[in-house]
Amino acid sequence: MTAPIIELVDIAKSFGGIRALKGVSLSIFPGEVMALVGHNGAGKSVLVQIISGVFSADKGTMLVAGQPVQFRNPADARDAAIETIYQTLALADNLDATANFFLGRELRKAFGFLDTRRMKDVAARALQALNPEFIDIERPVRQMSGGQRQAIAIARAVHFNARCLIMDEPTAALGPRETAEVGELILRLRQKGLGILLVSHDVRDVIRLANRIAVMKSGQLVGVVDAEGANEDSIVNMIIRGSAKGIRH
Amino acid sequence: MTSMTALGFRSWRIGYLPAIYIILIVVIIGAGLTSDRFLLPSNLIAVFQQAVITGIVALGMTIVLIGGQFDLSTGAVVMMSAVMALLISPDSAVAAILAVFIPILAGAAVGVVNGLAVYAVRANSIVVTIGMQFLIVGLVLAAVSGQHVYPENLAASFRAIATTRIFGIPMPVVIFAALVALLSVLMSKTVFGRHVYAIGGDIETARKAGIRVIQIGTLTFALSGALAALAGVIIAALVGHVDPTAIAKYEFPALTAVVLGGTSLSGGEGRPAETAAAILVVSVITNLMTIMNYQYPVQLLVQGILLTGAVAFYAYRRGHA
């Protein structure tokens, strides 16, 4: 069997007196969409932020491609080819698509000057490969549709050779057509061999898109089930009761 | 009409020209028609000279504000550096060099402290920089016992900073123009500039993108401090003495120009060249009022109307963008 891209072993995190994560263990494999579901406050976001280097775990081990890692910041995670697409998409609304595409990783000429022309060419190619209708890349992203904004964030991640993509509620702010587009995109990325951790509230969506579904409640992992054969009721039951009793793993 | 800039943010433009340039041209033509004296070369140079000190302060403030923060310590830094330059008593060429660079380094150091308090400690920039203003004013007044600083001999090389003319243009105006060009390139063509816009647009996004927010943000304050200090050095060279209790408050006129130039009070938008155009607009209006014998209170009133009017106008524009 292929080795997991990311393996979390007994991860714990507290904020003051609040135990946000209580010993979570989870693996994500290449070419797999692992969905992470649970109520607000279940610990999904904290787990995502630990994998993406925003927080450090208090306890536990994280392995990337079998090697133990300790991320001090998001740049460390990205260096390990883990890209996160946040719910807010982490786009600077005042900048255009190219500036956002290369944000924090700008192509430079001598003396810290921006290589504007090359960045524009690369960003245009990457965005149009994902969505051929994406033509006007010079508008500020605040003027773009939710789908276009999502495409920038995803194209950026893929371009920078992500091996694992973490997507935090990617369709939360999208309409039905754009949600379907993003779904197609996720399936295409999965086929390319990327590991995807998909955080979502939409149980129907995750059953359609994911290979496996991890359910969290109150900072703990309730269980991990195969998406194939899973039904909405059983997953919702796990989310509410915090128990995987009677669920096929 | 609104169109987009290369960076992607909106600024109020008429055709391809930012509106503030059109306003500047209109104000100059209006002033020329109102007073025969206005368009005299000597008066136009006076307009520029009047703009330089506040203009240099405003340029630094623009960078800080694009990053989404305020620097209200600049007036105090101007005063501190003018006093420092004269206390070094530049009576030789070497002392003159020290009298230029030590105050500028001190201004940058003040900026670093402000920047670290704002970006590393995450304190409110208005409170931090007003606190710094009090601290500097108190320290300087204590250092000179509230007395006028009046060195007996100032080296000609020091005075030359203010008195030299290049093709008839006073050196401070040349310095100001060079700074506008330099900062325009810095903000639009370099990674540093791009990161400042990103931080001002959304600091959390910038952080998540791996931008070194603390370093870049602190550098914006250091630049602002250094520029304010340069303005103080130019005052010292120009006047040759400083009354620390009487030195003008530069931060609010500078802020007026920054806002009038279209820099967003919430960060992420603005350009040094448009601040420079705005400072010239203020300077032309002030000059015209002086020619027409309007007193200082009226000038203050007009400045207040410009500031509040510009804030209201840009808020309206952004709300309807």
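Tutor: A crossing of two helices is called right-handed if the near helix is turned clockwise from the far one by less than a right angle, and left-handed if the near helix is turned anticlockwise. This is a predicted model, and we can start with a pair of helices in chain B.

Student: Is the crossing in which α4(B) passes α5(B) left-handed or right-handed?

Tutor: Helix α4 of chain B covers residues 93–120 and helix α5 of chain B covers residues 125–143, and the two pack at an angle of about 150° with their axes 9 Å apart. The crossing of α4(B) past α5(B) is right-handed.

Student: How do the residues of the contact of α4(B) with α5(B) divide into nonpolar, polar and charged?

Tutor: From α4(B) the contact takes B:Val110, B:Val113, B:Asn114, B:Ala117 and B:Val118, while α5(B) brings B:Ser125, B:Val128, B:Thr129, B:Met132 and B:Ile136. Sorted by class, the residues of this contact are seven nonpolar, three polar and no charged.

Student: Why is α3(B) described as roughly antiparallel to α4(B), and what is the angle?

Tutor: Angles over 145 degrees count as roughly antiparallel. Helix α3 of chain B, residues 74–87, packs against α4(B) with the axes 9 Å apart. The pair is therefore roughly antiparallel, since the angle is about 150°.

Student: Which residues of α4(B) meet α3(B)?

Tutor: Here α3(B) passes α4(B) in a right-handed crossing. On the α3(B) side stand B:Val77, B:Met80, B:Ser81, B:Met84 and B:Ala85, and they meet, in α4(B), B:Ala99, B:Ile102, B:Pro103, B:Ala106, B:Gly107 and B:Val110.

Student: How many nonpolar, polar and charged residues has the contact of α2(B) with α10(B)?

Tutor: Helix α2 of chain B (residues 41–66) and helix α10 of chain B (residues 213–239) pack at an angle of about 170°, with their axes 7 Å apart, which means that α2(B) is roughly antiparallel to α10(B). Among the residues in this contact are B:Ile53, B:Ile56 and B:Val57 of α2(B) and B:Phe221, B:Leu223 and B:Leu227 of α10(B). By class, the contact has 16 nonpolar, four polar and no charged residues.

Student: Which three residues of chain B supply 32% of the area that chain B buries against chain A?

Tutor: Between the chains, 25 residues of chain B are in contact with 23 residues of chain A. The buried area is about 2,100 Å², of which carbon and sulfur atoms give 58%. The three that supply 32% of chain B's part, more than any other three residues, are B:Val191, B:Arg194 and B:Lys208.

Terms used. Residues numbered from 1 in each chain as written. Chains lettered and ligands numbered in written order. Predicted model: local features only at pLDDT ≥ 70, side-chain atom pairs only at ≥ 80, totals over all residues. Heavy atoms only, no water. Axes fitted to C-alpha atoms, helices over the stretch in contact; angles between N-to-C directions. Helix = DSSP H or I, 4+ residues; strand = E, 2+ residues; numbered from the N terminus. Contact = heavy atoms within 4.5 Å. Nonpolar A, V, L, I, M, F, W, Y, C, P; charged D, E, K, R; others polar. Parallel < 35°, antiparallel > 145°, perpendicular 65-115°, else oblique. Buried area = accessible area lost by both parts, 1.4 Å probe.
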